[in-house]
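Welcome, and please take a moment to look over the model before reading on. This report walks through its strands, its core, a cavity and a few backbone details.

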Amino acid sequence: MFTMEFLKTCVLGRNACTAVCFWRSHAVQRLLVGKISTTSSRSTVMPAWVIDRYGKNDVLRFTQNMMIPVIHYPNEVVIKVHAASVNPIDVNMRSGYGATALNMKRDPLHIKTKGEEFPLTLGRDVSGVVMECGLDVRYFKPGDEVSLKPKSLTHTQAASLPYVALTAWSAINKVGGLNDKNCTGKHVLILGASGGVGTFAIQVMKAWGANVTAVCSQDASELVRKLGADDVIDYKSGNVEEQLKSLKPFDFILDNVGGSTETWALNFLKKWSGATYVTLVTPFLLNMDRLGIADGMLQTGVTVGSKALKHFWQGVHYRWAFFMASGVYLDDIAKLVDEGKIQPVIEKTFPFSQVPEAFLKVERGHARGKTVINVI
């Protein structure tokens, strides 16, 4: 959770992926560690920002009485949160986006009635210190920084990375098939290059030797050039398609924008060469919200399958990508950070007391990196 000093999360494999397990988390209070007993969930409470219903920013409510999390499963850890960041998906989930899928994750047996997920804490990025470990946790011990925080970063900087880094890594590496061995000399186009995912993607692609073209507004051009972009296209200065025609066809396109870009972007891929378009803007969760789990997944499969087949016959690959939890990937990312090849891009920080203001900042869009909340 963005707004607490402690949270509970599960350990996936050998690493704790704090960027993914927040739907199981309950945050904890700004008290001295010595005064907190996680053995009693009845007597110890904490301040937190929660929502009691889905809606606009006014649904965010501050409470002094959120229960401190306790370990219920042997693969869980309790973390003292030093900093957390706000992502666009957190703002969307405040309004109910993805509620169907996440409620199934929280309550797979459908034991609870509708609305019992409230009060609900939001958030998915965190940097902090392990306070307690479940019996099966071997890779972490109390006092460890998570998620194996890069040594060169502060907690504020580290909190800006997990969600956007793993989302970009999923799109580029897992779905797009690019890595440090095969990326040298590839021509890459990043649509929506100045946000959290885009700024990370520029850096990792440059670290792997690609030639990167970034599409953003003119006022973000200096930022993306500083991160390594070779060419910058200002989408406000004219037709993006016309501007791209002067460049070589691309081997890979990462689309953080969606909408109408999908109708023309694939025309700029190098045909019959294995070139791939990957979009992070998909109707997957919306389909489940609208149609339910089964029908929503069916509709999603039909949509992505038909689009992939259509473009395959035109000589290019069409793919969807999603955030993917991986402690191993976080280790790889931390290594690149400590080597100086990737740096966090933080646009603005907020104190714990200004969580609603942080949500509004992200909701306005036009990000230039990440928005971070300092908890301690």
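How many bridges join S6 to strand S7 (residues 145-146), and do these run parallel or antiparallel? Two bridges join S6 to S7, and the strands run antiparallel. Before going further, a word on the model: it is predicted, so local features need pLDDT of at least 70 and side-chain atom pairs count only at pLDDT 80 or more, while totals for chains, interfaces and linings use all residues. Residues are numbered from 1 along each chain as its sequence is written, and side-chain values use heavy atoms, with hydrogens and water left out.

**Strands**

Strands here are DSSP runs of E with at least two residues, and helices are runs of H or I with at least four, numbered from the N terminus. Two strands pair if DSSP finds at least two bridges between them. Strand S6 (residues 127-133) also has strand S5 (residues 76-86) as a partner: six bridges join them, and they run antiparallel. Val 81 stands opposite Gly 128 in S6, and Gly 128 stands opposite Val 146 in S7.

Elsewhere, five bridges join S8 to S9, and these two run parallel. Five of the six residues of S9 are buried (under 20% relative accessible area, with exposed meaning over 50% and partly exposed in between, for a 1.4 Å probe and protein chains only). S9 is therefore largely enclosed by the rest of the structure.

**The nonpolar core**

A nonpolar core is a set of buried Ala, Val, Leu, Ile, Met, Phe, Trp, Tyr and Cys residues joined through side-chain atoms within 4.5 Å. The largest one has 42 residues, and Ile 172, Phe 200, Val 204 and Met 205 have the most contacts inside it. Among the elements that each supply at least two residues of this core are helix H4 (162-175), strand S8 (187-191), H5 and strand S9 (211-216). H4 gives the most to this core, with seven residues.

A cavity is a set of points on a 1 Å grid over the protein atoms alone where a 1.4 Å probe fits but cannot get out, and its lining residues have an atom within 4 Å of a point. Grid points are joined across faces, edges and corners, and a volume is the space filled by probe spheres set on the points. By this rule there are four cavities of 30 Å³ or more.

The second largest cavity holds about 60 Å³ of space. Its lining includes Ser 160, Leu 161, Phe 200, Gln 343, Val 345 and Lys 370. Helix H5 (residues 196-207) gives the most to this lining, with four residues. By class, the lining has five nonpolar, five polar and one charged residues; Ala, Val, Leu, Ile, Met, Phe, Trp, Tyr, Cys and Pro count as nonpolar, Asp, Glu, Lys and Arg as charged, and the others, Gly among them, as polar.

Val 345, one of the lining residues, is found in the loop between H11 and strand S14 (346-351). Its relative accessibility is 12%, so Val 345 counts as buried. The C-alpha atoms of Val 345 and Gly 196 are separated by 7.4 Å, although these residues are 149 residues apart along the chain.

**Aromatic rings**

Rings of Phe, Tyr and Trp (its six-membered ring) pair if their centres lie within 6.5 Å; planes under 30 degrees apart count as stacked, over 60 as edge-to-face and the rest as tilted. The whole structure has eleven aromatic pairs. The rings of Tyr 139 and Phe 140 have centres 5.6 Å apart and planes at 85 degrees, so this pair is edge-to-face. Tyr 139 is partly exposed at 39% relative accessibility, whereas Phe 140 is buried at 4%. Trp 49, Phe 62 and Phe 352 form one aromatic cluster.

**Backbone details**

Most residues other than glycine have a negative phi, and most peptide bonds are trans.

| Residue | Phi | Relative accessible area |
|---|---|---|
| Trp 272 | about 55 degrees | 64%, exposed |
| His 366 | near 55 degrees | 53%, exposed |

Trp 272 is found in the loop between helix H8 (261-264) and strand S12 (276-279), and His 366 lies in the loop between helix H12 (355-363) and strand S15 (370-374). The peptide bond from Phe 118 to Pro 119 is cis, with omega near -5 degrees. Pro 119 is found in the loop between helix H2 (99-106) and S6.

Key: On a 1 Å grid over the protein atoms alone, a cavity is a set of points where a 1.4 Å probe fits but cannot get out, and a pocket is an open set with protein on both sides within 12 Å along at least five of seven lines; lining residues have an atom within 4 Å of a point.
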